Each structure stands twice: as C-alpha cells, then as structure tokens.
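Visitor: Could you put the structure up, and then walk me through it?

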Amino acid sequence: MKKWLERLLLLLLVCAVAAATLIIGNIYFDYISDRIFEDSTGHLSEIYGQVNRAFGAFLERNWKLLEDWGDYLRLIGEGRDAQVEEYLREEQENWGFTEFYFLTDDGSFMTLGGRTGVADLGDDLGQLVYGREPVMVGEALDTGQDITVYAVPVEPGTFRGFDYEVLAISFTNADLASSLNVDAFSGKAKCFVIHSNGDVLLSTLAGGNIFSNYLVYLKAASDIGAEAIDKMTQDWRDGVSGVLRCEIAGVTNCVLYQPVGYQDYVLLSVVPQNVVSAGFLSVQRTTTNVLVVIFLLVGLTVVALIILRSYRLSRRSRVEILSRDRMFEVLSNSIDDIFIMLNASDQHVDYISPNLERLIGIPVDEARRGIRVMEKCVVNDDVVFPKTQLEAIPLNGNIYRECEYMHQNTGERRWYRMTVYHVAIEGVGKYIIVLSDRTLERQMNQKLQEALSAAKSANEAKSNFLSNMSHDIRTPMNAIVGFSMLMDKDAANPDKVREYTRKIKASSQHLLSLINDVLDMSKIESGKTSLNLDTFSLPQILDELSIILLPQAKAKEQEFKITVQGAPPEVMIGDKLRLNQILINLLSNAVKYTPAGGKIEFSIQDLPPAAPQYAKLRFAVRDNGIGMSEEFQKEIFAPFSREISSVTNKIQGTGLGMAITKSLVDLMGGIISVESAPGKGSTFTVELTFALPEHREAEYAARQRVSSILVADDEEEICLDIRELMEGEGVEVSYATSGEAAVEAAVERHGSGRDFDVIVLDWKMPGMGGAETARAIREQIGNGVPILALTSYDCGEIEEEARSAGINAFMSKPFFVTSFWQTVEPLFTGSGGAKETRPEHHAGVMEGRRFLVAEDNELNAEILLEVMDLEGASCELAVNGREAVDMFLKSQPGYYDMILMDVQMPIMNGYDATRQIRASGHPEAKTIPIVAMTANTFAEDVRDALNAGMDGHLAKPLNMGAVRELIGRLLGDDKKQS
Amino acid sequence: MKTRRMLCLVLALILALALCACGDSGDGGAITIMGKKSDLDKSYMQEIFRHYESSTGGKIKLISVEDAEFEVEAARRFENGEGPDILMHFNNADLSRFDVAEDFLYLNDQPWAGELTDSARNYCLDGEGNLLGLPYWESSVSGCYYNKTIFDSLGLKPAATQAEFDTLCEVLAQTGYTPICWPASGCCWMFQFALDPVFADDPELLSKINANETTYAQIPAVLGMAEWIDSAAARGWFGGDYMDTGWDQISPMLSSGKAVMTFIWDTWFYTDFKGGEYTVEDFALMPAFLGTADKGTYEGGNLNMMMVNKNGDRVDEALDFLKFCATPENYNVAFEGISTVSTFVGQNTNIESQMVTNAKPSIAALERVSTASTRVYGYSDVDVSECINSLLTGKTDPEGCVAMMDEKRIGEAKDRGIPGF
C-alpha cells in the first residue's frame with residue numbers, strides 16, 4: 001500500500017513537472033511569438049508605409065501632371081491638335097501611361113489617337129465634374145485590360161473637335177501592381193489597393209487579380225471573427241492603419257492595412273507570418289532547438305538516472321527474489337510440505353515447490369503445465385482442486401481438507417493437509433496451496449491406535465494368560481494334590497504309592513516345564529533376553545540333539561534321520577544354548593506329534609550367505625505326523641496356542657513352545673515358517689545366519705598320516721558327500737555301498753601293500769552290517785587299519801558289539817570333517833586309543849562325596865539332603881552365603897568335594913559368597929567346584945553364575961540326571977574313596 | 001381534224017416525256033436529302049421538312065442511313081454518281097472522303113449567307129473561306145462553366161488569363177474546394193477545347209499537320225496542354241477521385257458545390273444537369289484555360305450543315321429548299337423552344353442560356369470553331385484521353401504523352417488512307 005502510494009505520488013510529481021514545463025514553455029513561446037509578431041509587423045508597417053507613400057506620391061504626381069498638361073493645353077490654345085498630340089506622346093513616353101483621355105462631363109471620351117467612347121466613372125464622375133476634384137477609378141473603361149484611370153478637371157477645351165473638361169491618363173493594373181511589389185518577402189507577399197467595401201482596385205497577385213472583393217474572401221477563407229472584420233472595415237473607412245494576424249486558407253498571415261489617403265482606399269498587405277518573421281523565427285527556432293536540446297539532455301539524464309536507479313532497484317529486487325526463491329527451494333527441499341501458487345483467474349501455475357517430484361513423483365515441469373496432473377496421484381479418485389470450491393473461497397479466506405497421495409514411482413503413500421488460501425497480490429487474485437505433510441502424524445496416530453489395540457489385546461492376553469495359566473497350572477496341581485491325597489490314603493499299598501508317585505512326578509515335571517516356558521516367554525517378551533554369542537560346533541550340537549532325541553524317537557519306534565546338504569561350516573559364532581532350544585523344541589514337537597512308527601527327518605542345508613564372513617543355514621524338521629489345520633498354522637506361533645483335537649488332547653503341552661521358538665528365531669534375526677496338512681505331517685523351516693570365526697584350522701597330527709580312506713555306506717549319496725568333504729582335506733576317498741564291497745576293497749588294497757589309512761563303516765547296512773564287515777576286514781587284513789563306525793544310533797548301545805568286531809571308534813551321523821579328525825586323532829597319536837566320544841554315564845558319581853550345601857529354604861534343603869543321601873553323598877548345610885563362606889574357610893583342603901550354592905539367600909547371596917570364596921586365601925579357593933543351584937534358570941542367570949566364579953548351574957527343581965551329569969563332569973568319574 | 005390529231009399527238013408526246021422524266025428520277029420530283037438516321041430524326045429537322053412540304057407543296061425524300069454506315073455509304077454514292085440532292089454532314093475530317101470541290105456547290109453567294117452568325121458561318125467554311133453548307137443544327141458554347149455563387153462568396157472574379165485561372169484554382173483548392181471537375185473516366189471532349197486554338201488560330205499549322213509535315217511533338221502548345229493537365233492534377237485541382245469521375249458524376253459534383261468549375265457546354269446544363277444545392281442559375285461561363293491559350297478559348301458548336309450536290313438532279317430545288325430553311329419565319333418555326341445558341345441572326349424562338357448571353361462579349365472574342373476534332377486528320381478524343389490518362393496515372397511523362405498522341409493520330413490517318421501518311 002505504501003509502495004503504491006509512493007508510486008502514485010511520484011507519477012503525480014512527474015505529471016506536475018511536465019505540466020508546469022509545458023505551461024511555462026507555452027507562456028514563454030507565446031510571449032516570444034507576440035514579441036516577434038510585434039517586431040515583424042513593425043517591420044512590415046515600415047516597408048508597406050514606404051510602398052503606400054510611394055503609391056500616394058504616384059497618385060499625386062499623376063494628378064499634378066494632368067493639371068500641368070491642362071495648363072499647357074490652355075496656354076497653347078485650340079486648333080493645334082497635332083502639337084498637342086506630339087507633346088502628349090512624348091509625355092506618354094516619359095511617364096509610361098497607357099492612354100491619354102479627353103473627357104466630357106458625361107463621361108464621353110476621346111483618346112489621343114482619336115478613339116471615342118464612354119467611360120464608366122460611376123460616382124467618381126460627380127466628384128470629378130461637379131466637385132472639381134481629381135479621381136482615381138478602376139475598371140472604368142472596357143479596354144480588354146484591367147486599367148486604372150487618373151483624372152483631373154481642367155479648363156474646358158477642344159481636341160480634334162471634341163469638347164472636354166476633364167483630362168485623364170490610364171495605367172494597366174499590372175504595371176501599377178509591379179510598383180506595389182516588395183522584394184523583401186520573396187514574392188510571397190500580396191498587396192492590394194482596395195476600397196473600404198473590399199472591392200479590389202489593384203493587386204500584386206502573380207497571375208493577375210482574381211479577386212473582385214477581398215473582404216468577402218477574408219470573411220470566407222480566414223479565421224478573422226466578425227467583430228475583427230467590423231473593426232477592420234471601420235478602420236478602413238476611418239483611415240486608420242492596423243495589423244492583425246490571421247489564418248487564411250490554412251496559412252498564418254500578417255494582414256496590414258494603411259489608408260492610401262484617397263477616398264476610402266486602403267493599401268492591404270497580406271504576408272505569410274513565416275515570411276514576415278523569417279529572421280525572427282530563425283532566432284526563435286534556434287532558441288527553441290537549443291532549449292529542446294537542453295531539455296532533451298536534461299530529460300535524457302533524468303531518464304538515464306531513473307533507468308539506472310530502476311535497474312539497481314530491479315537488480316536488488318531480482319537478487320532478493322532469487323535469494324528468496326533459493327531459500328524457499330532449500331527450505332522446501334528440506335521439508336515434506338508442498339507449496340503451490342495458482343493464478344485465480346485461469347488456475348495457471350505460478351509456482352510449485354521443487355520437492356514435488358521427491359514427494360509424489362511428479363516432475364515440477366509437468367505440474368507447471370497443468371496442475372490437474374496431480375490428480376493421478378490422489379488416492380481414492382479424489383479431485384485435487386475442484387474449481388467450484390476454489391472459486392467459492394472468499395478473498396483472504398481459506399479452506400482445508402485431508403488427502404492422501406501416492407508417489408508415482410515408489411508407490412509410497414503420504415497424507416497431507418491441503419490448505420488453500422485465496423489472496424490478492426497487487427490486485428491479482430492468487431490461490432496459495434499448502435500441502436502440509438501429515439504422514440508422521442498419521443502414522444503416529446495409527447501406531448497409537450495399534451498400541452491401544454495392542455494394549456487391549458495385551459489386556460485380553462493377560463486375561464487369557466491368567467485363564468490359561470489357571471487352567472494349565474491347576475491341571476497338574478490337581479493331579480499332584482489329588483494323588484498326594486490318594487497316596488496318603490493308600491500309604492499301606494506300595495504298588496499304589498509307586499503308581500501315585502509316578503503320576504505326581506509326571507505332573508510335577510509338566511508343571512515345571514510349564515513354569516519354565518512361561519518364565520522364558522515372559523523374559524523374551526519383556527525384551528530382557530539377550531543372546532550369548534560364542535563359537536559353537538555344529539557337529540557337537542547335532543551330536544547332543546541326537547543324544548537327547550534319539551531315545552525319545554526310539555521309544556516311539558520312530559525313524560529319526562539327520563541329513564546335511566552342502567558343506568555347512570562346522571564352527572560358527574552364535575548362541576548355542578538358544579539354537580539348541582529352538583531345534584529341540586521343533587524336534588521334540590515332531591516326536592511328540594508324530595505317531596509311533598512315524599518318520600522324522602532333520603536336515604541342515606548350507607545356503608549362500610549375504611557376505612563371505614557369514615554362514616546361512618536352513619534347518620528343516622519334517623515329520624509325517626498329525627499335521628495341522630490351515631487355520632491353526634496361522635496361530636501356531638501365538639502363546640498358548642494348541643490345536644484342539646482328539647489326538648492333541650492326549651498330548652501334554654504348554655502351548656508356549658512354538659511362541660518361544662518364534663521369539664528366539666526373531667531374536668537371532670532369522671525366519672521360521674511352517675508347511676503342514678492335517679494327517680500328512682508338518683515341515684518347520686528355520687533359516688539363521690551366523691558369523692564365521694576367523695579361520696583357525698585345528699592342527700591334527702592325523703592329517704599327516706591319513707591320505708586315503710575307505711567309506712562304506714549303502715547310501716551312495718553319503719559316500720559321495722564324504723568323498724567331496726575329505727578330498728577338500730587332501731584325502732583320497734574310495735567308497736563301497738555294501739559291506740562285501742568294502743571288505744573286497746580293503747583286502748585288495750592290503751594286497752597291494754597300500755592299505756587305506758582309515759576305514760569308515762556305516763553301522764547299519766543291508767546284508768553285511770557294520771560289525772560283520774569290520775570283523776571280516778579284521779580277519780583278512782588284521783588290526784593295522786583303524787576302523788570307525790558311522791552311526792545314527794546311540795553309541796552306547798552298540799559299543800560293546802562294535803569293539804568286539806574290531807571297531808576302534810565311533811562317529812555320529814552326519815559326517816563332519818572336524819568330527820572325523822577329532823575321532824581319528826587319538827588313534828594316530830596314541831593319546832587314548834579308542835577313546836569314546838559319546839557322553840559319559842555318571843551313575844554313582846556322587847557316592848562318597850562331601851558337599852557343602854548353601855540353602856536358606858528348609859524344605860528345599862531337606863529334599864536335597866535326602867536326595868544326596870540317596871546318591872551316597874554327604875552334605876553339610878549352610879543357611880546363607882555368609883555361613884557357607886565361613887564353613888569353607890574353616891574347612892581343611894580336600895574336605896569338601898564341591899559347593900552347591902543357592903543364589904538367593906539372606907545375609908549374603910550365592911554370587912557374593914562365591915566371589916568371597918574365590919577371593920579367599922583358602923588353598924582350594926580357586927579350584928573347589930562351585931555349582932549354582934537356583935530357581936533362576938535363564939541364560940543370563942547361568943552367565944551371572946559363571947561370571948561370579950561358579951563352575952556350573954543347576955536349575956531348581958533339581959533334575960537328578962542333570963545333577964549327576966554336571967557333578968560327574970566337574971568331579972570326573974573317579975569315585976572318591978573316603 | 002388533222003390539227004386536233006397533231007395537237008393530241010403533241011400532248012401525248014409531252015405527257016409521255018413528262019411520265020418518262022418522272023420515271024427516270026424515281027422520286028416523283030422530291031428533293032432527296034441524305035443523312036444519318038439520328039440526325040434526320042431530330043425534331044427541328046422533321047419540323048422544317050414538314051413545314052417545307054406543307055408550305056411549298058414540294059416533296060422531300062429522306063435517305064436515312066445508319067449512323068455507323070453513313071460516311072462510307074455517302075462517299076460511295078457520290079463516287080458512283082448516286083449522290084442525293086442534299087447531303088447532311090458535319091464539317092469534319094470525314095469530309096475528306098469526298099471531292100468537295102467537285103461534289104458540292106459553294107454557297108457564299110446565297111442570299112441567306114448574311115443571315116448566319118459569325119460563328120455559324122465560320123464553322124461552315126472550308127480552308128479557303130468557301131461556304132460549304134447551310135448550318136441547321138442545335139448549337140452550344142463550350143467553355144469553362146463555373147459556380148458564380150461560390151465565386152461571389154469568396155470575392156472571386158472569373159479569370160481573364162491562364163495565370164489568373166491557375167491562381168483561381170490555387171485559391172479554390174486552398175479554401176477546400178475541388179476547383180475543376182475533371183471526368184477522366186470515359187469523357188474526352190476537354191482536349192478538343194484545348195487544341196482548337198492551336199489549329200484554329202493557325203490554319204497553316206492545321207494544313208501542315210494534316211499533310212503529316214509536322215507533329216504534335218513539334219507544337220509547343222500541345223506539350224503545354226499535357227504539362228498543364230499534369231500539373232493541375234498534381235496540385236490537386238482535379239480533386240482526388242478524378243480518375244474514377246465519369247459522365248454521371250459531373251452533375252452531382254457541380255450541384256453539390258464539391259467542384260466549382262468544369263469544361264463543358266451550355267446545353268448540358270439543360271439536358272443532364274440535375275440541380276441540388278446549386279442550380280443552373282448559379283453557374284456562369286468563362287473561357288476554358290487548358291494551357292494552350294493565354295486568354296482562354298470557347299468552342300463553338302459542331303453544326304450539321306446541308307450541302308448541295310452540284311451534280312444532283314434538283315440543284316435549283318435544293319437551293320430553294322435551303323433558302324426556305326434560312327428564312328427567319330421558317331427557322332424560327334423549326335427551332336421554336338429548342339435550347340441552342342442562335343445560328344441565325346434573326347433566330348429568336350430558340351432558348352439561349354443566360355450563361356452564354358452574359359458571356360457573349362467574351363465568347364465573341366475567344367470562340368473558336370471546333371477544329372481539332374473536325375479538321376485534324378486522325379484526331380480522336382478517345383485516343384487523346386487514353387494518352388492523357390496514361391500521363392495522369394504516372395505511366396508516362398508529358399513528352400511521352402504527346403508522343404503517344406502523335407502515334408495514335410498518325411496510325412488512324414494511315415488506317416484511313418489519308419494522303420501523306
């Protein structure tokens with residue numbers, strides 16, 4: 001508004017200056033023109049004053065001559081016509097008149113040559129004859145020429161018998177007019193001798209006089225007003241001189257009139273103004289030109305300054321605009337809001353922020369050509385800017401609404417709040433459209449909504465959980481309580497007591513597993529579960545899985561088969577415990593839900609890793625068990641999900657196993673999937689990625705000794721796999737698919753003096769089995785070549801038979817290179833001969849041992865002491881950590897074989913007590929085995945126990961098998977001799 | 001009886017001779033008059049024929065020939081000795097088709113010769129002053145007709161010289177008028193007005209050009225005409241639309257006052273002029289100034305004259321008929337109410353325009369017999385108009401224009417077989 005006002009004021013100022021300049025200039029030039037006119041008309045008056053005086057003198061002279069000639073004629077007397085004629089002819093020669101006339105009082109005349117006629121003197125005749133005054137008359141005689149007659153009255157006389165009393169001479173008007181011509185005006189001046197009524201007597205017109213009455217012409221062809229005409233004619237009649245400026249036939253003229261001095265005759269001069277004032281006008285023109293040049297220079301300077309200033313302002317403005325544009329471009333590129341400006345009249349796009357393409361995938365240039373192109377990005381077929389809605393927005397008003405756009409290239413969806421402002425910029429209507437990104441807000445709302453739903457679900461889950469837990473806990477508890485009551489009642493019946501005890505034990509185990517799973521699940525879901533990454537051996541895991549699951553499968557007469565596809569790394573980095581947990585869950589489920597006589601296959605497949613430093617394995621557990629419905633497959637990984645069927649109802653389960661498995665797989669960054677059909681079995685597939693340790697190839701002495709081996713397996717595929725693996729180790733592999741062939745090959749090589757360095761025999765082959773083959777080989781080639789048994793069975797079961805057949809060592813299927821070298825190493829180094837690789841059996845391991853037991857709970861302590869007593873061990877009880885430390889420190893070295901340490905105890909917990917023991921000066925402070933014995937069963941608890949200096953971890957309630965296993969491992973099988 | 005028989009025989013012989021004589025002429029004693037059909041059909045001609053027959057009992061037989069065929073047919077008849085007693089002919093160049101001295105009577109001595117006005121008499125003379133026929137025709141005066149009312153309103157008077165005329169034109173142009181209505185489209189009579197003084201004032205020059213001993217190009221006045229027309233057009237004296245101005249535009253231009261002057265004849269004002277803001281009373285006559293005569297010129301009327309076949313069968317009767325026609329009481333009967341300039345001194349029943357009457361002194365001094373179009377062999381108004389229009393449209397200059405005029409004139413003369421060409 002202020003700028004607009006400034007511009008208006010500037011414009012008004014310029015107009016005022018221009019108007020003032022024009023007015024002043026006009027006044028100045030009027031003044032100059034008037035001065036020039038005055039000066040030039042003064043000049044004109046002087047010139048024509050001289051002309052007029054000359055004409056008057058000519059008139060007087062003619063009259064004087066006529067009077068003199070009259071006197072002369074009177075003096076010489078009548079009758080001397082010849083003399084008169086001669087005299088007057090001479091005078092005619094001298095004075096140039098055209099004719100000499102003798103006139104009577106009625107106008108009759110006779111010329112000097114004797115021609116007679118009548119002159120039309122009009123009113124002048126009376127003045128001449130009766131007034132006795134000289135006259136000048138135009139057009140008095142019809143001579144074929146325009147002439148003027150000058151006449152004077154004289155004494156009456158007679159010429160050639162003609163009585164006269166007036167003498168006259170005539171001049172042609174052309175001759176007379178030449179005397180009026182003025183050379184000063186380049187022949188452009190017109191001069192008239194006219195009567196006061198306008199009748200023209202003489203004129204100097206170039207072609208002759210064409211005017212009968214010049215006054216009439218002036219009235220018709222000039223711009224002289226009636227009043228001026230009247231004044232002028234009055235001046236003529238009054239014998240007053242005058243001058244005026246007028247336009248005649250479009251040309252400005254100076255009209256000058258002066259009385260001739262005879263009658264009302266006037267000398268009228270008409271001279272073009274530019275001729276009269278030629279000199280003055282030249283000065284004026286020069287002055288004007290100089291002034292114009294000065295004004296132009298000043299004007300040009302002002303214009304140049306204005307242009308320069310305007311350029312500077314424009315440049316500054318342009319820079320500002322460009323800077324703002326640039327800033328706005330940077331701003332819009334750094335935010336997810338879109339800005340558009342449309343012309344209100346035609347919706348032409350004036351501006352679009354450059355982030356349009358980034359946000360919705362439409363190039364800015366394309367949108368500039370037509371904003372409607374954005375409509376193809378709008379989800380739900382909406383219209384971007386309905387014209388009617390835009391037009392309905394009042395000036396300075398706005399509308400807004402939410403809309404969803406989909407990126408043209410990526411398909412990404414974004415939510416915007418579109419606000420349209422109707423504004424006026426310099427009077428031009430504009431629509432400013434702001435598309436404010438609300439995607440995050442929308443997503444947050446969705447998340448909140450989802451969180452709300454999740455909270456509701458969690459609440460429902462909690463209710464369900466409590467309901468499930470109530471049911472699942474009460475069920476075994478009901479059995480325990482019920483059978484305890486029955487046991488009390490039937491205490492006298494040992495068979496019933498044993499039966500009740502077995503069932504109570506089974507229910508307790510179920511309850512325990514339920515609690516373990518619930519706690520595990522809780523731990524996972526709370527995010528407190530972390531992975532304990534360390535190197536692990538895949539063959540060892542498979543070996544352990546075999547040990548755990550083979551007995552279960554065997555118990556149900558199921559075929560259990562482990563296969564390896566490809567060459568998976570044998571040592572990797574991962575959480576072995578969790579991996580075991582996952583695989584045991586899957587495999588135990590397979591065993592559990594596969595009917596007796598069913599088939600379970602466990603395969604490990606090496607997949608291409610994403611990077612060389614990783615290994616990617618696919619574990620697949622396939623069974624031909626009861627399978628699952630399609631609906632249940634969707635729910636299988638949810639907690640407490642168990643398919644309800646007549647079969648599953650007979651199978652105990654917490655419904656948490658697969659949920660835990662799924663959570664652990666997720667935790668390890670893997671994926672788990674299931675394919676199943678009711679009655680046809682299920683296949684669970686887990687894909688996990690493990691980091692590979694820096695390569696550290698174990699140095700086996702056997703490598704130097706083994707260059708060729710013989711493999712015998714009825715499955716040729718296994719033979720080929722082993723050959724491929726071992727050839728990678730630089731070992732030549734021969735294989736046989738039957739025992740007989742193996743014997744034949746061994747004998748043949750033996751015969752050639754090139755025995756195989758090792759023979760590997762499948763334990764179970766059709767026809768000649770592993771034992772029989774080994775025996776045959778031993779019989780024919782002796783004991784020089786080590787023989788290994790490759791088996792899917794529990795080694796303990798076949799050990800005796802195998803050793804008797806001459807088998808030196810055992811390997812579990814599947815075949816691993818590392819396992820091979822570990823197995824054969826002792827055979828070549830002599831470090832143990834045919835050492836068993838299978839897990840040891842620790843029965844009676846505690847017999848005669850003395851344990852320091854730290855347990856604050858009396859009931860638990862009592863149970864433990866009783867159990868240990870049953871195992872043949874003695875125990876001394878400490879009720880807290882402090883007491884345990886004290887008792888140990890006070891003991892003699894070797895007094896205690898081991899300390900069983902509860903963790904949560906009053907006064908001092910188990911961890912602190914362990915640390916104090918380890919830190920004490922007791923001779924066995926560092927070596928005394930300390931085993932945690934706690935209800936804290938998570939991996940973190942195990943880790944914490946180890947970190948505190950303990951050597952092992954036993955979970956409550958105690959599994960005596962595990963107790964024996966651990967104690968046996970820590971103390972060895974050497975039974976303490978008390 | 002014998003005498004009676006002889007008398008009867010003589011009477012029978014006389015009767016037979018009379019019948020024989022009648023049979024030879026084939027016209028029953030009537031005077032044969034030959035002319036163009038349109039000429040013989042003129043009311044005053046029909047009137048004088050009727051008046052003669054009713055007054056004298058004499059008979060007239062008209063030999064009416066289609067206009068286009070007239071000249072050839074008439075010449076053929078005279079050449080074959082079959083000429084009529086009286087031939088009506090304009091005293092123009094076509095008369096060269098005849099052997100005038102051998103075919104026609106000179107009429108200088110006829111009693112009615114003094115009854116003719118000077119202009120009429122002059123028109124009917126041959127190059128040697130012989131009166132060739134009795135003019136019996138309507139006549140007009142061609143000159144510059146100007147709007148006197150407009151002149152008076154501007155305080156102007158008619159020009160007496162070419163210079164004054166030019167000044168007049170300039171003043172009129174300056175005051176917003178079109179000085180001259182110049183009908184360049186289809187009108188061509190103006191040029192004979194211009195050239196009449198050239199040849200009428202110098203019979204020797206006329207003889208030389210007809211003998212192909214000189215050309216227009218060698219006559220300064222002809223070039224003067226072309227230059228004046230070219231200059232007048234350039235100075236705007238013809239207005240702006242003169243090339244599109246034709247016969248029909250002359251009247252409205254003059255009656256509206258848009259144009260002030262034009263070169264035409266007085267009877268046009270009574271036959272074709274339609275008054276508007278200005279009527280015929282507003283116009284007056286002054287000499288035509290077309291760059292060839294300083295004092296200007298008037299062209300007398302082209303008169304149809306009756307020529308007597310000196311070898312005809314009824315020469316005396318034909319002369320008597322001419323005498324009858326030239327008698328005041330007869331020609332005043334024939335021309336009663338006819339708008340024409342008087343041909344006879346005693347002519348008083350015709351209607352003579354006031355314009356001509358007022359200009360009579362000037363006409364008397366400056367009138368020329370129509371000479372260019374009638375006496376110059378090969379002259380054609382149309383041809384000259386074509387040449388002048390080429391000049392006015394810038395296709396040629398004045399010298400080129402005159403050369404074109406010569407070329408066309410000489411070409412036409414050659415086509416007609418004029419001796420010397």
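Guide: In chain A, taking contacts with a separation of 6 or more, residues 24 or more positions apart account for 60%; two residues are in contact if their C-beta atoms, placed from the backbone, lie within 7 Å. This is a predicted model, in which local features need pLDDT of at least 70 and side-chain atom pairs count only at pLDDT 80 or more, while totals for chains, interfaces and linings use all residues. Residues are numbered from 1 along each chain as its sequence is written, and chains are lettered from A and ligands numbered from 1 in the order in which they are written.

Visitor: What's the mean pLDDT of chain A?

Guide: The mean for chain A is 83, and 91% of its residues reach 70 or more, where pLDDT is the predictor's confidence in each residue, from 0 to 100.

Visitor: And where does pLDDT stay under 50?

Guide: In chain A that holds over residues 832-840, for which the model has 14 contacts beyond four places in sequence. Over residues 974-978 of chain A the pLDDT is below 50 too, and this stretch has eight contacts beyond near neighbours in sequence.

Visitor: How many helices and strands does chain A have?

Guide: Chain A comes to 28 helices and 33 strands; helices (H or I, at least four residues) and strands (E, at least two) are DSSP runs, numbered from the N terminus. Of the 978 residues in chain A, 32% are buried, a residue being buried if 20 or more other C-beta atoms lie within 10 Å of its own, exposed if 12 or fewer, and partly exposed in between, with C-beta atoms placed from the backbone.

Visitor: Switching topic, how many residues of chain B are in contact with chain A?

Guide: There are 16 residues of chain B in contact with 17 residues of chain A. On the chain B side, helix H8 (residues 162-174) gives the most, with seven residues.

Visitor: Staying with chain B, which residues of H3(B) are buried?

Guide: They are Tyr44(B), Met45(B), Ile48(B) and Tyr52(B). These residues cover an arc of only 105° around the axis, which puts them on the same side of H3(B); the arc is that of the directions from the helix axis to the C-beta atoms. The face turned away from that buried side carries the exposed residues Ser43(B) and Ser54(B). Among the elements covering the buried residues of H3(B) are strand S2 (60-65) and helix H14 (315-325) of chain B.

Visitor: What comes just after H3(B)?

Guide: Just after H3(B), Gly57(B) takes a positive phi of about 80°.

Visitor: Back in chain A, how do S9 and S10 pair?

Guide: Strand S9 (residues 242-248) and strand S10 (residues 251-259) of chain A pair in the antiparallel sense over seven bridges, given that two strands pair if DSSP finds at least two bridges between them. Leu244(A) stands opposite Val255(A) in S10(A), and S9(A) and S10(A) form a hairpin with two residues between them.

Visitor: What about the phi of Ala249(A)?

Guide: Ala249(A) has a positive phi of about 50° although it is not a glycine, and this residue is partly exposed, with 17 other C-beta atoms within 10 Å. Gln263(A), which is not a glycine either, has a positive phi of about 45° and lies in the loop between S10 and strand S11 (266-272) of chain A.

Visitor: Last one, which residues does a cis peptide bond join?

Guide: A cis peptide bond joins Lys813(A) and Pro814(A), with omega about 0°. Pro814(A) is in the loop between strand S28 (809-812) and helix H23 (817-829) of chain A.
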